[in-house]
Amino acid sequence: MESPADKIVLNLSTMDRAGFHAQLRSVPTGEQVVVCGTSEKTHGLAAGLDCDCALEIRGDAGDFLFMMGRAAAIELHGIAGDCAGYSLCSGSLLIRKSCGDFLGAYARGGFVGVHGRCGDYCGYALDGGDVVVRSVCGQRAACGMTSGDLVLCNGAGDDLGLNMQGGTIFVRGDVASFAPQVRMFRMKDTDSMRLSLLLARAGIKGDAKQFKVYRPKVRSK
Amino acid sequence: MTNLLHELVLAPCRLPPEGRNTDSLQTALSVDFQALGSNRTVHLSTPWILRRWADRSAVPDWPELCAVMHKFGGAVVAPAADLAAVDVSHLPVRIGPVCRDTPLDPDEIGTADLIEFDLRHASNKRWGWPVELESEGKLFAFIEALRIAAGGDVPVGLALPLNCQADELRKVMQSGADFVSLVAERHDPMQAWVLRGIRAARESCVAEGMPDLPLLLDAELDSPWAAFVCLALGASAVTVDAMLAPILAQQTAQQPVSGMLAGILPDFPAAGRADRIAALLDEANDQMHELLRLQGVRRLGELSPKCLRAVRPDVARITGVDQL
């Protein structure tokens with residue numbers, strides 16, 4: 001881990017919550033920020049953050065991490081609670097450990113990557129964002145998904161793609177079961193290229209040929 | 001069908017401590033909202049909220065209507081885009097509606113004076129908990145995150161049906177919401193369940209240790225007396241859509257003046273309707289002040305069911321108000 005000497009350091013354990021969030025909102029563009037003192041009860045961390053900055057969180061985070069976020073690049077060293085990247089608009093969120101349910105729910109844009117496990121309802125109602133999970137993923141991934149890409153590198157649980165209307169799911173490994181409206185498609189060159197880019201962005205090594213592509217049978221316009 | 005409002009009367013007045021009559025009593029109709037953990041207060045001078053008519057496509061003279069609501073210190077439940085045509089000096093307090101099962105819009109949330117998260121489906125208006133908020137503590141975390149995303153000092157409330165179960169209402173109150181909107185989904189004339197519902201909601205607030213939690217009531221209140229009854233039973237602010245409906249529904253105001261009159265009275269129709277609404281709200285304010293004075297109370301928060309009396313035992317039983 002780098003020394004935070006040349007970075008802005010915000011320690012939640014030594015600040016009041018309102019002041020902490022106010023300082024986080026006022027971070028100048030292009031700055032690098034180190035956040036520490038957070039825990040799994042720190043809900044709404046970086047919610048609504050709209051600043052082109054790099055945020056490194058050296059701890060855990062609670063629910064709704066980077067909710068409705070824009071522009072910022074966030075790296076979380078600990079675990080995240082439920083609904084990380086909820087309604088994400090742009091920017092990126094990289095979780096080095098595991099996260100809870102509803103990862104990237106309603107994300108309209110941006111990128112969410114998880115190196116550890118992910119709970120149920122991953123990519124719930126995903127609406128244009130990109131989500132990559134390296135380890136095991138729970139059931140009902142991509143439920144209600146309308147657009148965007150969901151990459152699952154270690155299989156998927158039951159009901160993959162339930163009520164899915166659009167978008168693409170890439171899965172490496174076994175799928176416990178998938179919804180009747182979803183079927184496997186042939187991997188095209190464009191899919192392969194897209195997948196390679198997403199894996200590279202998440203810092204995950206992998207061969208696109210090992211993945212299978214799933215899409216809804218009738219795609220929404 | 002019996003109108004319960006006709007079976008309720010004012011309770012005998014309590015004399016104020018400083019005088020023998022209440023004519024000189026200074027009364028206020030204001031309602032304040034405050035976000036948890038913030039010192040900033042969102043102030044409404046009157047308890048009037050425009051909700052169902054808050055649609056610029058339905059009301060051609062919408063900017064004038066907003067100006068009237070601004071003048072009277074009321075609030076409008078409307079998306080930010082609906083206020084784009086309104087002069088900035090005439091902007092009323094905006095309650096930003098946020099629907100479940102849709103992605104949250106940062107611009108919508110970042111510009112609202114109050115945020116109302118509707119627990120009803122946007123399409124069919126059936127209510128229920130979104131699957132991501134069903135688990136224990138998730139609603140609390142969501143409201144906290146929403147508040148942070150909005151800047152930390154914007155009150156966040158939840159909208160749910162007035163006839164929801166007591167447990168659900170309790171769950172909402174324990175979620176840290178800064179206000180609760182109760183929507184009477186069946187828009188029929190004032191019925192027992194509306195009066196009983198708002199009374200029960202206020203009692204739940206008291207039981208949960210939040211006696212001053214603002215409760216916004218969306219019901220078919222077509223007169224200042226109906227509004228007063230609901231405010232006495234526990235509401236903090238009420239919708240005025242039904243009161244304004246007769247004026248807003250007049251199609252003549254939407255038709256441009258033609259012929260010779262077009263050059264003489266180009267703005268007459270719009271101005272006329274806005275003026276009539278202003279006059280109606282002015283009269284409603286006067287009546288509310290008068291009712292408060294008659295009860296010897298200074299502000300709406302001091303109203304209680306004890307300010308009312310039921311003329312019949314069955315009405316007393318239905319509304320929970322003492323019998324005359």
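Modeller: Let's start with B:Cys99: its sulfur is 16 Å from the closest cysteine sulfur, in A:Cys89, so the two are too far apart for a bond. A disulfide here is a pair of cysteine sulfur atoms within 2.5 Å. B:Cys99 is partly exposed, at 26% relative accessibility. By contrast, B:Cys230 is buried, at 0%; buried means under 20% relative accessible area, exposed over 50%, and partly exposed in between, with a 1.4 Å probe and protein chains only. The sulfur of B:Cys230 has its closest cysteine sulfur in B:Cys307, 14 Å away, which is also too far for a bond. Over all chains, the count of disulfides is 0.

A word on the basis: this is a predicted model, where local features need pLDDT of at least 70 and side-chain atom pairs count only at pLDDT 80 or more, while totals for chains, interfaces and linings use all residues. Residues are numbered from 1 along each chain as its sequence is written, chains are lettered from A and ligands numbered from 1 in the order written, and side-chain values use heavy atoms, without hydrogens and water.

Now for chain A, where 11 strands form an open sheet with mixed pairing. Strands are DSSP runs (E, at least two residues), numbered from the N terminus, and two of them pair if DSSP finds at least two bridges between them. The edge strands of chain A, β1 (8–11) and β10 (182–185), each pair on one side only. Inside that sheet, β2 (residues 32–36) and β3 (residues 54–58) of chain A run parallel, joined by 5 bridges; A:Val35 has A:Ile57 in β3(A) as its bridge partner.

Conventions
Helix = DSSP H or I, 4+ residues; strand = E, 2+ residues; numbered from the N terminus.
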